[in-house]
Amino acid sequence: MNDRLNDRRGAPGTSRLERIICLRCPRGCEITTSLDGYGAILEIEGNVCRLGRQYVEQEVHNPTRILPTSVRVRNGRYPLVPVWTPRPIPKQYLRDLARSTRSVELEAPINVGQIVISNWQGLGIDVVASGEVERV
Amino acid sequence: MQADTRYDVIVIGGGPAGLAAALEAHADGQTRVLLVERNDTLGGILPQCIHNGFGAVVFNQDLPGSEYAWRYRTMVEQSGIDVLLDTMVLDVTAELDVYAMNDRDGYMRLRPRAIVLAMGCRERTRAQIRLPGSRCAGVFGAGTVQRLVNIEGYMPGRRFLILGSGDIGMIMARRLTIEGAEVIGVLELLPFLTGLRRNYVQCLQDWGIPLYLSTTVNRVIGGRRLEAVETIRVGDDLQPIPGTEGLVECDTLLLSVGLIPENELSRKAGVTLDPRTGGPVVDSAMSTTVAGIFAAGNVTSIYDLVDYVSKAGAVAGRSAARYARERPDGRAETVTVAAGKNVASVIPQRIRFDTPVSEENLLMLRPSALMEHSVQVELRAGSRVLASFRGNYSRPAEMMIHRLKPQQLRALKSAPRREITAEIQ
């Protein structure tokens, strides 16, 4: 494993080679794929199942991830409540959303499943509590 | 001192193994169960594991550890199981006496009919890896920082370096970055990643945190507080290569260098420990070598997925309830499994043949060798292969889990001298 693994360089109009570690299961196949200038898969190898191909298609066009973090709570038994994005969000928003959650402060009590940030930036992204904090 | 004999089963430890054990022991509706936890809340390490990656096996869902814990905690609260929080178990004896204390009930002597040990594990410390250099502040276990950042809301530094590419180290690298701290990189002594690959992608690659393989800490530098870390490259023999030193300025060093089962109580109770796992020797029913004492989860061996800790806890809970009910005389028939070629350790170390058909009879192997091709696991008596199964690869970071089928159990039962060896080819 090295840092060239997810190198995405390559000008539009030319074919490019990508190496992607599949996240669909713990096996973590190292998949090599060549794409045409429009990002369509020309060749793919290293995946052992069809989920690997699906993952590569998703990862090339719109990579998504789950963001787990925490936000501050006032008047609670704990000063923080854990939160996450139950639905994976486009990878490009990870850092901005992380920054946004750092300035959120909630009032206890907080329940599991409670929406903490709704429709962030109008992008349909919800941040939801994954723990509870009683009021004290 | 008069013993309190109210309970059939006492479970020691309210983490994932203990929660599952208590629920299963209580499931028959007749067994009186007490769950004892030294923390002020149930869940063990899970409430501070706010990242997802839990529950795929048990709930068929990808959940954060905090939510996984909440689900179990809610089930226990609704079940009517007696729970003692803030309570420290001081001693357990082979006669099944449990000595415990808290600030409400004082000193207690309890005498159940069966005990489940579910004390989990602890982080390996700086002293245990003999890290040289200054004894300054700023060197923490990764799990300790996880608690500080995720539960207590306290950020213990600004510029971090992490030693160890296990899952906790990588998860904390991302966690600190999300909270706005700077993570310079993750060092790994071995020439390969020791945690799961998905964590390499999601925690390091996605956040641009570099991984330095075959690299370790040569010296800790600082006065009152950590100021820098001298790094050094190591060779294939894992020995430092002179002349490859580097200097990294940082104020905090996180150690993610392994976990150790916590077995002070197991030793007091006189159960036999396995030097390979660091935990009690258990059989398929999660029974230890002392009759009536069961054990499950990270107290027996370090697991990589909590779902299997819950499963092991459930087996221990069912077995303890059964033992409390039936008080069997005499020991069950077992075959001993030894770790052979390319295997670091095995759970359970003894296979028994009287477990109910509903039990899954999971055999879990910790591989010692990295092999990125399909492998064959063989359970052998000498040169004879009694049972075998295939795996897609062998990685020390991932337990190999196999459900022993009835015909495989029958084959193992025939082992001469009641001994078999597990090997990965």
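I will start with the strands of chain B and then turn to its helices. Keep in mind that this is a predicted model.

Start at strand β12 of chain B, residues 159-163, which pairs with strand β13 of chain B, residues 182-187. The pairing is parallel and runs over five bridges. Within it, L161(B) sits opposite G185(B) of β13(B). To get from β12(B) to β13(B) the chain goes through α4(B), and this β-α-β crossover is right-handed.

Next, β13(B) also pairs with strand β14 of chain B, residues 211-212, in the parallel sense over two bridges. Here L187(B) is opposite Y212(B) of β14(B). With α5(B), these two strands form a right-handed β-α-β unit.

Now the helices. How do the axes of helix α4 and helix α5 of chain B cross? They come within 8 Å and cross at roughly 15°. Angles under 35 degrees count as roughly parallel, so α4(B) is roughly parallel to α5(B). The residues in contact include M170(B) and I171(B) from α4(B), and Y200(B) and L204(B) from α5(B). By class, this contact has six nonpolar, one polar and two charged residues. The crossing is left-handed.

The last pair is helix α1 of chain B, residues 16-26, and helix α7 of chain B, residues 306-326. Their axes come within 7 Å and cross at roughly 40°. This crossing is right-handed. Among the residues that meet are L19(B) and L23(B) in α1(B), and V309(B) and A316(B) in α7(B). The contact has 15 nonpolar, four polar and two charged residues.

Conventions:
Residues numbered from 1 in each chain as written. Chains lettered and ligands numbered in written order. Predicted model: local features only at pLDDT ≥ 70, side-chain atom pairs only at ≥ 80, totals over all residues. Axes fitted to C-alpha atoms, helices over the stretch in contact; angles between N-to-C directions. Helix = DSSP H or I, 4+ residues; strand = E, 2+ residues; numbered from the N terminus. Parallel < 35°, antiparallel > 145°, perpendicular 65-115°, else oblique. Left-handed = near helix turned anticlockwise from the far one by under 90°. Contact = placed C-beta atoms within 7 Å. Nonpolar A, V, L, I, M, F, W, Y, C, P; charged D, E, K, R; others polar. Pairing = 2+ DSSP bridges. Right-handed = clockwise from strand over helix to strand, strands pointing away.
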